[in-house]
Amino acid sequence: MESKEFNRPSRQLIEEFHKLSTPNISDALDRFKVKGGCHGITPVVDNVKVAGPAFTVKYVPTAVEPGTVGDYIDYCKAGDVIVIDNGGRTDCTVWGDLLTITAKRMGLAGTIIDGVCRDIPTIRKLVYPIFTRGRFMVTGKDRVQLDAINVPVSLCGVRVEAGDIVVADDSGVVIVPEEMADKILQAAKSIAESEKFIEAEIEKGAKLSEARKKFGYHSLQRKS
């Protein structure tokens with residue numbers, strides 16, 4: 001049903017993406033016509049940053065004989081980002097305090113849910129990075145069941161495969177396909193550098209329109 005192992009990007013590559021903002025990465029994805037922004041997913045805890053390989057989890061509605069929500073987290077490794085596809089359901093949770101405590105102890109980078117979580121006080125106390133569609137206290141037990149782990153899933157209409165790079169901050173969540181990571185990284189770095197030049201020009205007193213034109217702001221997200 002599932003693969004417990006997958007190829008993870010290098011730690012160095014993850015660290016390079018961690019230095020970048022999701023807006024810069026999103027613009028880089030636009031250059032290559034790749035859909036990566038996860039619309040509707042927001043942070044539960046402010047001022048946290050996530051970057052790491054996706055460990056994917058797929059839930060489905062329960063069968064006549066309900067399955068379980070599973071203990072998939074035991075197969076994660078430090079630095080992983082758990083990406084949960086619960087079909088965008090907001091009427092039952094798939095994450096609570098026990099998972100938060102375990103994830104924090106294991107050194108996971110964070111959790112992204114196309115759905116909701118609960119036990120917010122524990123999340124905030126531990127400052128655990130989690131991004132969701134919201135929060136709701138009703139349990140997912142006997143409402144949803146684990147279908148598979150580390151298979152392709154959908155996160156707000158964005159395809160996510162195990163090992164893809166997840167980056168999340170206060171602006172939202174983006175997914176970088178693993179096979180395009182190097183290209184996206186270089187493009188995002190270039191965009192970030194151009195925006196710094198524009199900021200410097202503004203600080204010197206230049207008009208915004210002039211600074212933007214000088215460094216090609218309106219075409220940064222376009223393929224050169």
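Analyst: This is a predicted model. Buried here means under 20% relative accessible area.

User: OK, which residues of helix 2 are buried?

Analyst: In helix 2 (residues 22-31), the buried ones are Thr22, Asn24, Ile25, Ala28, Leu29 and Arg31. Seen down the axis of helix 2, they fall within an arc of 165°, so they line one face of the helix.

User: And what does Ser21 do at the start of helix 2?

Analyst: A side-chain oxygen of Ser21 comes to within 3.2 Å of the backbone nitrogen of Asn24. Just after helix 2, Lys33 has a positive phi of about 55°.

User: Which residues are buried in helix 1?

Analyst: Leu13, Ile14, Glu16 and Phe17, in a helix that covers residues 11-18. Viewed down the axis of helix 1, the buried residues fall within an arc of 160°, so they line one face as well.

User: Switching to the cores. Which residues have the most contacts inside the largest nonpolar core?

Analyst: Tyr72, Ile73, Trp95 and Ile112, in a core of 46 residues. Strand 2 (residues 50-61) gives the most to this core, with five residues. Apart from it lies another core, of 21 residues, including Ile25 and Leu185.

User: Where is Trp95, then?

Analyst: Trp95 is in the loop between strand 3 (81-85) and helix 3 (97-106). Its relative accessible area is 1%, so Trp95 is buried.

User: Which side chain does Trp95 make a polar contact with?

Analyst: That of Thr100, at 2.8 Å. The C-alpha atoms of Trp95 and Val116 are separated by 7.3 Å, with the two residues 21 apart along the chain.

Technical notes: Residues numbered from 1 in each chain as written. Predicted model: local features only at pLDDT ≥ 70, side-chain atom pairs only at ≥ 80, totals over all residues. Heavy atoms only, no water. Buried < 20%, exposed > 50% of the residue type's maximum accessible area, 1.4 Å probe, protein only. Helix = DSSP H or I, 4+ residues; strand = E, 2+ residues; numbered from the N terminus. Arc of directions from axis to C-beta. Polar contact = N/O pair within 3.5 Å; in protein donor to acceptor, adjacent residues only side chain to side chain. Core = buried A, V, L, I, M, F, W, Y, C linked by side-chain atoms within 4.5 Å.
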